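Please look over the protein chain shown here and work through how its parts are arranged.

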Amino acid sequence: MENKVIVENYNKKSGYAMMKRCIDIVMALLGIIILSPIFLITAILIKLESKGPIIFKQLRAGKNSEPFYIYKFRSMRINAPNVSTNEFKDADAFITKIGKFTRKTSIDELPQLFNILKGDMSIVGPRPVILKEKGLIILRQEYNIDSLLPGITGWAQINGRDNIGDEEKVKYDYEYLIRRNLRLDMYIILMTAFKVIKRSDIKS
């Protein structure tokens with residue numbers, strides 16, 4: 001009986017995973033097409049304000065803790081140290097004017113739609129962390145959270161984002177691992193849109 005339950009749960013999650021991947025691809029393609037004017041305008045403004053590439057690439061921990069390059073619109077000057085925002089003593093000294101706006105509106109995250117098409121990320125999942133955040137990576141491994149594709153947004157993001165510590169993030173990420181389904185994913189996406197519009201739990 002126990003083996004039957006395990007097989008049924010596996011089949012449910014497998015079906016969910018296939019459906020989620022299809023939704024990710026469709027939504028990423030639609031997002032790129034619909035938001036292409038924002039991509040273009042943002043790219044021009046970044047290039048006009050400061051030297052450096054338009055797209056910022058950084059190694060992050062992905063599925064099974066394997067590193068991958070995440071794509072973001074560059075929001076900092078090229079002399080900024082390669083650390084997480086929380087480690088900056090004075091982040092404003094490195095963030096560009098257009099960067100402050102793209103961070104507040106989460107426009108800087110839009111290039112991750114290409115990460116989704118590549119299969120590095122999903123729309124919903126635990127946020128990928130930089131490789132230096134060993135403590136958080138180890139915690140995720142202990143709770144099998146790193147078995148999930150990282151996401152543009154996630155359960156932890158709509159419950160505090162940068163305002164909560166590593167252990168609390170892992171708690172929310174583990175809840176998502178256990179509870180994940182399409183209905184929860186849609187709820188997270190809708191709440192993310194609401195928070196972006198409201199500009200809550202977002203640091204510049």
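The questions and answers below concern a predicted model.

Q: Of the contacts in the chain with a separation of 6 or more, what percentage is accounted for by residues 24 or more positions apart?
A: The chain has 204 residues, of which 43% count as buried. Among contacts in the chain with a separation of 6 or more, the share that belongs to residues 24 or more positions apart is 70%.

Q: Is helix 2 roughly parallel or roughly antiparallel to helix 3?
A: Two packed helices are described by the angle between their axes and by the distance between the axes. For helix 2 (residues 36-49) and helix 3 (residues 97-105), the axes come within 9 Å and cross at roughly 150 degrees. Because angles over 145 degrees count as roughly antiparallel, helix 2 is, relative to helix 3, roughly antiparallel.

Q: Which residues of helix 3 make the contact with helix 2?
A: The axes of helix 2 and helix 3 come within 9 Å, and on the helix 2 side the contact is made by Thr-42, Leu-45, Ile-46 and Glu-49. By class, this contact of helix 2 with helix 3 has 3 nonpolar, 2 polar and 2 charged residues. On the helix 3 side, the residues that take part are Lys-97, Ile-98 and Thr-102.

Q: Does Gly-151 count as buried or exposed?
A: Gly-151 has its place in strand 4 (residues 151-153). Leaving aside residues up to four places away in sequence, Gly-151 touches Met-121, Ser-122, Ile-123, Val-124, Gly-125, Pro-126, Arg-127 and Pro-128. Its relative accessibility is 0%, and since the cut-off for this class is under 20%, Gly-151 counts as buried.

Q: What distance separates the C-alpha atoms of Gly-151 and Arg-127?
A: Arg-127 is among the residues that Gly-151 touches. Although Gly-151 and Arg-127 are 24 residues apart along the chain, their C-alpha atoms are separated by 5.3 Å.

Q: How many nonpolar, polar and charged residues are in the lining of the largest cavity?
A: The structure holds 1 cavity of 30 Å³ or more, and about 80 Å³ of space lies in the largest cavity. Its lining is made up of Ala-61, Gly-62, Ser-65, Pro-126, Ile-137, Arg-140, Ile-145, Asp-146, Leu-148 and Pro-150. Sorted by class, the lining residues come to 6 nonpolar, 2 polar and 2 charged.

Note on methods: Residues numbered from 1 in each chain as written. Predicted model: local features only at pLDDT ≥ 70, side-chain atom pairs only at ≥ 80, totals over all residues. Heavy atoms only, no water. Axes fitted to C-alpha atoms, helices over the stretch in contact; angles between N-to-C directions. Helix = DSSP H or I, 4+ residues; strand = E, 2+ residues; numbered from the N terminus. Parallel < 35°, antiparallel > 145°, perpendicular 65-115°, else oblique. Contact = heavy atoms within 4.5 Å. Nonpolar A, V, L, I, M, F, W, Y, C, P; charged D, E, K, R; others polar. 1 Å grid on protein atoms, 1.4 Å probe; cavity = no way out; pocket = protein on both sides within 12 Å on 5 of 7 lines; lining within 4 Å. Points joined across faces, edges and corners; volume = space filled by probe spheres on them. Buried < 20%, exposed > 50% of the residue type's maximum accessible area, 1.4 Å probe, protein only.
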